[in-house]
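Subject: Structure for you to look at

Hello,

Here is the structure I said I would pass on. Please open it first, then read the notes below.

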There are 2 protein chains.
Amino acid sequence: MSKEDGFGRVHGLGRVSIVGAGQVGTMLGMALVEAGSDAGVTDVSAFDRTPSVATASLERGAVHRILERAEEALEADTLVLAMPVPSILSFLEEFGSRLRPGSFLIDTASAKVAVTDAMRRTVPQAVHPLGGHPMAGTEVAGPAGARPELCRGAPFALVPVRDDPEALSRGRELARAIGALPVEVDAETHDRTVARTSHLPHLVAYALAGVAGEAFLTGDALPVLVSTGFGAATRLAASDPDMVAGFLWANAREVRRSVAEITEVLHRLSAAIEDGPDHLSAALSETRAPALDPV
Amino acid sequence: MSKEDGFGRVHGLGRVSIVGAGQVGTMLGMALVEAGSDAGVTDVSAFDRTPSVATASLERGAVHRILERAEEALEADTLVLAMPVPSILSFLEEFGSRLRPGSFLIDTASAKVAVTDAMRRTVPQAVHPLGGHPMAGTEVAGPAGARPELCRGAPFALVPVRDDPEALSRGRELARAIGALPVEVDAETHDRTVARTSHLPHLVAYALAGVAGEAFLTGDALPVLVSTGFGAATRLAASDPDMVAGFLWANAREVRRSVAEITEVLHRLSAAIEDGPDHLSAALSETRAPALDPV
């Protein structure tokens, strides 16, 4: 049980339940089990609609016990929703109104406007909801891909749902418990940023794999002529397509804008090839500088 | 000295000279020094127009000695041109006709039509020229980025310049000496393939960095909200821009075609967002499958 002070406020994360025991849920579970009583964690449990996924997560030491039904997670002091965005939205529609007063609700999705809007609409005032996005992970789907050490020093976006200092305070506690860097940010800024630092890179990785794959299929290109760089450039396309489709769909407007932006940059650089290698080299350096080069 | 049989033919790679002691030249030098007499290598030397680069390469154990002038490389039994494409073309114009009869000439550039055309035009019949492309490397420019262990099992494209079995035979010997997999391929197929497996991924990495960087500069996005995936997706944009500009310029036609192809795929996937997450997920899986998913 979590500790309560004389005013009935919970200290520490208490009983944690995670819904969705895939890579992200398992990663957080492992990190929280390790943090244990230092973070006031008294128990970690998880539900997954696919029982074998929940079992694999348990076997990796991410939880103390498996929940048989999603409803059981409503008993938690800290409820973490770690599914693809569409499933988070469905969960909130179905169970949001039944969350326990005083409990803390956070999600892990990478599209925050859609999720925090749904939290605002469905979750009672006595609950402390917060949008969350731990920005660490691998491209390997499921519990096998969980690497809790990647949380260390990684940004953990905390997105307010309403004026609720208690929700923010518990979010910071959760982020720090797993070694991450809490970053408070509004939903719109988060989604604009992540469209360009994560969602577009995912979409582009699929498109790069598609362009090469099409050329392999037609015999225009030889699949044997692939170097290590191709692996890096298309790594994100190995991600769980349901997760990727979920956040691209939930952040559609910013994703479409960023597609328009990269199309423009690609055409500008492609046209710069005409100017010869020296000018092109300068154009490439200038393009990458604000994101990659030290000032 | 290399061994000669009763007919004056060289066996083994003999005295090797590398022009361009950057990442690729240093990587090959280190692998050849290690292969040593097993590959008939009797001596490895290098020239670089930037003396400090040659010194750094020597310090990494890539060569036995540094050449003071590019012309000295013309004495070698095996001459390796490991500069950006425009410098290789200039070298061939200046020195191609002066190559030693019986010697073996190979380059390492990732654009092969331009280089093999220039070899065909400039190199005497008594020389054995071959286009080469070791498809291994890192994004760190210069001798410090050389990782010869990446050659092991990596494809090494061998591109005939003219009907010359001796050139191919020495190319295979060089590839095997460093543990790479020799892949014989014509220049056009090579350039069509590598446009899509390497040149486009490089261009896209710069464009991804550019889109995010522009949003950071204008304050539309927060540079702190960057995850490990962004690093992988933009890794190739950390490459030496002169090298990248060189191969994009030399393979301009196929690079432009592949830009048109990825633009089309991006717009198709972007439009598929409208169809909802389930359809989008299927479209993503189908797009990546020929390049990434096991059959």
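**Between the two chains**

Arg256(B) forms a salt bridge with Glu274(A), and their closest N and O atoms are 3.4 Å apart. The term salt bridge stands for a side-chain nitrogen of Lys or Arg within 4 Å of a carboxyl oxygen of Asp or Glu. Between chain B and chain A the count is two salt bridges.

Before going on, note that this is a predicted model, in which local features need pLDDT of at least 70 and side-chain atom pairs count only at pLDDT 80 or more, while totals for chains, interfaces and linings use all residues. Residues are numbered from 1 along each chain as its sequence is written, chains are lettered from A and ligands numbered from 1 in the order in which they are written, and side-chain values use heavy atoms, with hydrogens and water left out.

There are also 16 residue pairs in polar contact between chain B and chain A, both residues being at pLDDT 80 or more. A polar contact is a pair of N or O atoms within 3.5 Å; within protein, one must be able to donate a hydrogen and the other to accept it, and residues adjacent in sequence count only if both atoms are side-chain atoms.

On the side of chain B that touches chain A, the largest share comes from helix 6 of chain B, with 21 residues. Helices (H or I, at least four residues) are DSSP runs, numbered from the N terminus. That side divides into 50 nonpolar, 20 polar and nine charged residues. Here Ala, Val, Leu, Ile, Met, Phe, Trp, Tyr, Cys and Pro count as nonpolar, Asp, Glu, Lys and Arg as charged, and the others, Gly among them, as polar.

How much area do chain B and chain A bury between them? The figure is about 7100 Å², 76% of it on carbon and sulfur atoms. Buried area is the accessible area (1.4 Å probe) that two parts lose on being put together, summed over both. Val211(B), Leu225(B) and Leu266(B) supply 10% of the area that chain B buries against chain A, more than any other three residues.

**Aromatic pairs**

Two aromatic pairs turn up over all chains. Rings of Phe, Tyr and Trp (its six-membered ring) pair if their centres lie within 6.5 Å; planes under 30 degrees apart count as stacked, over 60 as edge-to-face and the rest as tilted. The ring centres of Phe91(A) and Phe95(A) are 4.8 Å apart with planes at 50 degrees, so this pair is tilted. Phe91(B) and Phe95(B) also form a tilted pair, at 4.8 Å and 50 degrees.

Regards

Note on methods:
Helices (H or I, at least four residues) and strands (E, at least two) are DSSP runs, numbered from the N terminus.
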